[in-house]
Amino acid sequence: MKNFNNSEETFQIDLSDFTFKFKHELDYFKDYLKFNNDNFSKRRIQLDNFLKEDILEEPENESFFKEIYYMDYIKLPSYFYHSSLVSIYSFLEKSLNSICDTIQRETDFVIGIGDLNGTNIINRSRKFLSKVAKVDFSIVDKEWLRITDFQKLRNLIVHQNSQLQQFNQNISSSNDIKIISRFSGIEVDESNKFFYIKDKIVLSEFIILIEKFMTDIITQIKNRQFRQFRIVDIYSENLPF
């Protein structure tokens, strides 16, 4: 018959490797965003010149040219920004999942993040970290609430293909548009109800937010004392070997 005991000895979990990898990958996202944003800026200057030349050659088609170049100005960069936001969100999920797995492995705790109820990794991670690691989420409450905003934005991109769906005649009453309105740097095309992240503002905020949130979580865990969780056989003294 098995019983579960906590060792009286306490220890701290070494998160140095995790912290190094986390910061390294986060720096990659920063560099990746800057590199592509710089290229978009250069491309925009080229497009401005191309548009002026086309209009000078055919001024009667100015509206047509502006519509065509709109694709390059707004839509094409948004493909990068949308996919990058989804990737950054996945990075946050992976980081939280990894830190929960580390705690479970180091403590031999029998319940892991996958055993908890929850609609997604983010919510299950919070449950695990608050219950097992005793992380005080009130310290990161502001960051957590903002992360849920990004989670909703991410879901609009992934599940609705960046298109607003919940609206009647008045688009401003849409729940989707209420989510969009919480961010700067997003444009809505009311003709087709698609939205576009048009510059780096949203992604830059998300990266800074994740860095602050995870740093606070890591600091709490590093300062926390853990106990080894062991399985023992209560009948072991009666065994003939």
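1. The largest nonpolar core holds 54 residues. A nonpolar core here is a set of buried Ala, Val, Leu, Ile, Met, Phe, Trp, Tyr and Cys residues joined through side-chain atoms within 4.5 Å; buried means under 20% relative accessible area (1.4 Å probe, protein chains only). Leu-85, Ile-103, Leu-129, Val-202, Ile-210, Phe-213 and Ile-221 have the most contacts inside this core.

2. At least two residues of this core come from each of α1, α2, α3 (121-131), α4 (141-160), α5 (175-180), β3 (194-197) and α6 (201-222). The largest share, 12 residues, is from α2. Helices (H or I, at least four residues) and strands (E, at least two) are DSSP runs, numbered from the N terminus.

3. The model is predicted: local features need pLDDT of at least 70, side-chain atom pairs count only at pLDDT 80 or more, and totals for chains, interfaces and linings use all residues. Residues are numbered from 1 along each chain as its sequence is written, and side-chain values use heavy atoms, without hydrogens and water.

4. Look at Leu-129. Beyond its neighbours within four places in sequence, Leu-129 is in contact (heavy atoms within 4.5 Å) with Leu-96, Ile-99, Cys-100, Ile-103, Lys-134, Val-135, Phe-137, Ile-217 and Ile-221. Another core, of 8 residues, lies apart from the largest one; its members include Leu-47, Leu-51, Phe-65 and Tyr-69.

5. Now the lining of the largest pocket. α1 (16-57) and α2 (62-107) each supply at least two of its residues. The largest share, 6 residues, is from α1.

Conventions
Buried < 20%, exposed > 50% of the residue type's maximum accessible area, 1.4 Å probe, protein only.
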